[in-house]
Amino acid sequence: MKTKLILFGSSFHAKVILAEIEEIKKYDIIGYIDNHSYQKKILFNQKIVPKLRIDDLIIYKNTKGVFGIGENYIRFKIYNEVKKIVKSFKWEKIISNSAIVSKETKIGSGSFIASGCIINHNTKIGKNCLINTGSIVEHDNNIKDYASFGPGVKTGGNVTIDKFSYIGIGSVISHQIYIDENVLIGANSFVDKDCSKNKVYFGNPAKFKRIHKKNESQFGKKDR
């Protein structure tokens with residue numbers, strides 16, 4: 001029997017998640033929840049997915065949630081809203097069929113590992129994280145809750161990335177680097193030094209540019 005899922009979000013990123021879930025073939029999407037209207041309709045296996053209200057979760061106690069949302073803080077906000085309605089609600093981690101994940105890796109609930117990713121030995125990825133297409137997370141990394149990677153990110157060994165931090169597309173993080181909470185690393189940056197909390201860094205090598213406010217979009221514009 002297939003696991004029943006409710007999708008949270010309806011942006012273009014949500015469509016990527018749905019495409020991966022279709023390939024896995026062990027899930028059924030029974031509805032989606034989003035206060036916005038990013039797409040005219042959401043399709044799964046060529047069928048229209050019905051839109052639900054967040055209060056409907058009370059009726060769907062045997063389903064799990066999956067995030068179709070790129071923004072770290074929006075995932076955090078929705079997670080807490082859901083918890084108030086159904087305290088025991090569970091979140092499914094989704095790992096692409098084409099991802100290579102070490103057996104010694106631990107991945108938290110609600111996280112998404114996209115196509116072409118490599119997650120190496122003894123790495124920990126927290127809950128509700130997003131590791132985007134083609135990223136390489138080397139051995140003994142610790143990626144904490146609600147952190148996310150753009151496509152093509154590479155990390156060396158023994159890297160720690162704290163909660164809510166975002167590593168921009170194509171960036172490279174050197175060995176034994178600590179990136180503190182709510183840090184934004186700009187696209188195509190090379191990080192060879194530790195990064196302090198609530199700051200934006202970019203460049204080669206990456207340098208501090210400005211303060212990164214909490215709840216500020218990690219994409220520089222309104223996106224999900």
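Student: Is Ser-165 buried or exposed?
Tutor: Ser-165 is buried, with a relative accessible area of 0%, where buried means under 20% relative accessible area, exposed over 50% and partly exposed in between, using a 1.4 Å probe and protein chains only. This is a predicted model, in which local features need pLDDT of at least 70 and side-chain atom pairs count only at pLDDT 80 or more, while totals for chains, interfaces and linings use all residues. Residues are numbered from 1 along each chain as its sequence is written, and side-chain values use heavy atoms, with hydrogens and water left out.

Student: Where does Ser-165 lie, and which residues does Ser-165 touch?
Tutor: Ser-165 lies in the loop between β19 (160–161) and β20 (166–167); strands are DSSP runs of E with at least two residues, helices are runs of H or I with at least four, and both are numbered from the N terminus. Leaving aside residues up to four places away in sequence, Ser-165 touches several residues, including Asn-72, Tyr-146, Asp-180 and Val-183, a contact being heavy atoms within 4.5 Å.

Student: Switching to α1, which of its residues are buried?
Tutor: In α1 the buried residues are His-13, Ala-14, Ile-17, Leu-18, Glu-20, Ile-21 and Ile-24. They cover an arc of only 165 degrees around the axis, which puts them on the same side of α1; the arc is that of the directions from the helix axis to the C-beta atoms.

Student: And what does the face turned away from the buried side carry?
Tutor: That face of α1 carries the exposed residues Phe-12 and Glu-23. After α1 comes Lys-25, whose phi is positive, near 65 degrees.

Student: Which strands form the open sheet, and in what order?
Tutor: Five strands form the open sheet, in the order β5-β2-β1-β6-β7, and the pairing is parallel. β5 (51–52) and β7 (90–91) stand at the edges, each with a single partner strand, so one side of each is left without a neighbour in the sheet. Two strands pair if DSSP finds at least two bridges between them.

Student: How many bridges do β1 and β6 pair over?
Tutor: β1 (residues 3–8) and β6 (residues 64–67) pair in the parallel sense over four bridges, and in β6 the bridge partner of Leu-7 is Val-66.

Student: What about the chain overall, how many helices and strands are there?
Tutor: The chain has two helices and 26 strands, and buried residues make up 49% of its 224 residues. Its C-alpha atoms fill a box of roughly 50 × 35 × 30 Å, taken along the principal axes.
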